[in-house]
Amino acid sequence: YRELAEAISTFTAQLQRKRSPPSAGEVAVTLGRFQNRLAAVEAIDFFQADGREQVHALLRALDSRSTPAAAPREVTAMSTVRLEELKGRVWVTRANVHVDRMASAWLIRRWIDPQARFKFVGDRHYRPGDNELRFDMYEAEFTHDANRCTFEVLAARLGHNDAALEAIGEIVHDLDLKDQKFGREAAAGVQQLLAGIVASNANDEARLERAGALFDDLYRSFQAR
């Protein structure tokens with residue numbers, strides 16, 4: 001997934017550097033090749049490896065170049081929903097949570113709904129039931145968007161001008177996308193602590209509880225600065 005994401009990002013950057021816009025057909029051909037490569041990787045991805053959501057987000061952005069009149073995605077519709085309407089929901093994500101899902105769950109409980117409930121599923125094509133919202137998974141209402149991880153998408157949805165929250169977003173971005181875009185010094189320490197939480201807790205709810213305390217302390221440390 002990481003190699004494919006890098007290839008898509010490189011191709012997209014080349015398009016942006018061109019003096020004349022590429023034809024929709026040219027983009028569509030390359031898009032088809034990327035989609036075939038993705039299908040081959042997904043066919044052997046039996047454990048829902050991280051990185052899949054980022055590839056899908058990059059392909060959606062590339063697809064918009066070949067089909068500019070395409071219908072808006074469901075996640076776009078969610079951007080018009082008020083934060084108050086997100087309370088009382090069940091938030092669904094992939095089981096075996098790691099960095100982006102742990103951080104996103106913390107953000108949800110910290111700013112959107114302190115009483116939020118979480119559901120962990122193994123089906124990558126899980127269809128949400130009534131009152132359920134998906135995050136950081138396939139076709140989720142809140143997930144990767146081009147070069148932003150799920151945490152960044154949720155944080156932007158809040159509309160807060162919060163330097164401490166932004167700092168955490170930069171750390172989560174680098175740990176999840178592994179592109180070293182922000183180069184925060186604290187990232188390595190946060191990664192080690194989160195790895196310890198994962199190693200010590202097989203239960204996803206327990207991971208969220210421990211990670212929540214970690215992100216609370218991290219947030220206060222950035223506020224103090």
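I looked up D216 first: D216 is partly exposed, with a relative accessible area of 22%. My cut-offs are under 20% for buried, over 50% for exposed and in between for partly exposed, with a 1.4 Å probe and protein chains only. The model is predicted, so I noted that local features need pLDDT of at least 70, that side-chain atom pairs count only at pLDDT 80 or more, and that totals for chains, interfaces and linings use all residues. Residues are numbered from 1 along each chain as its sequence is written, and side-chain values use heavy atoms, with hydrogens and water left out.

**Salt bridges**

What is the partner of D216 in a salt bridge? I found R110, with the closest N and O atoms 3.3 Å apart. A salt bridge here is a side-chain nitrogen of Lys or Arg within 4 Å of a carboxyl oxygen of Asp or Glu. This pair links distant parts of the chain, since D216 sits in helix α9 (residues 204-224) and R110 in helix α5 (residues 99-112), 106 residues apart. Helices (H or I, at least four residues) and strands (E, at least two) are DSSP runs, numbered from the N terminus. R110 is partly exposed because its relative accessible area is 35%.

I then searched the whole structure and got 15 salt bridges. One of them joins D50 to R94, and the closest N and O atoms are 3.4 Å apart. Is each of the two buried or exposed? D50 counts as partly exposed at 37% relative accessibility, whereas R94 is buried at 4%.

R134 forms a salt bridge with E141, where the closest N and O atoms are 2.8 Å apart. R134 has a relative accessible area of 0%, so I wrote it down as buried. E141 is buried as well, at 2% relative accessibility. Elsewhere, salt bridges that share partners join D50, E53, R94, R101 and D136 into one network.

**Cavity**

How many cavities of 30 Å³ or more are there in the whole structure? I found 1. On a 1 Å grid over the protein atoms alone, a cavity is a set of points where a 1.4 Å probe fits but cannot get out; a pocket is an open set with protein on both sides within 12 Å along at least five of seven lines; lining residues have an atom within 4 Å of a point.

The largest cavity has a volume of about 40 Å³ (the space filled by probe spheres set on grid points, which are joined across faces, edges and corners). Its lining is D50, G51, R52, E53, Q54, R94, D136, H144 and D176. Helix α3 gives the most to this lining, with 3 residues. I sorted the lining by class and got no nonpolar, 3 polar and 6 charged residues. Ala, Val, Leu, Ile, Met, Phe, Trp, Tyr, Cys and Pro count as nonpolar, Asp, Glu, Lys and Arg as charged, and the others, Gly among them, as polar.

**Second largest pocket**

The second largest pocket holds about 310 Å³ of space. Of its 17 lining residues, D50, V99, L175, D176 and K178 are the closest to its centre. I noted that α5, α7 (163-177) and α8 (187-200) each supply at least two residues of the lining. The largest share, 4 residues, comes from α8. By class, the lining of this pocket has 8 nonpolar, 4 polar and 5 charged residues.

**Positive phi angles**

D136 has a positive phi of about 50° although it is not a glycine. I located D136 in the loop between β3 and α6. At 2% relative accessibility, D136 counts as buried.

N131 has a positive phi too, about 75°, and is not a glycine either. It lies in the loop between β2 (117-121) and β3 (132-134). N131 is partly exposed, with a relative accessible area of 39%.

**A buried valine**

Where is V153? I found V153 in helix α6 (residues 150-158). V153 is buried, with a relative accessible area of 9%. V153 and L107 are 46 residues apart in sequence and 11 Å apart in space, C-alpha to C-alpha.
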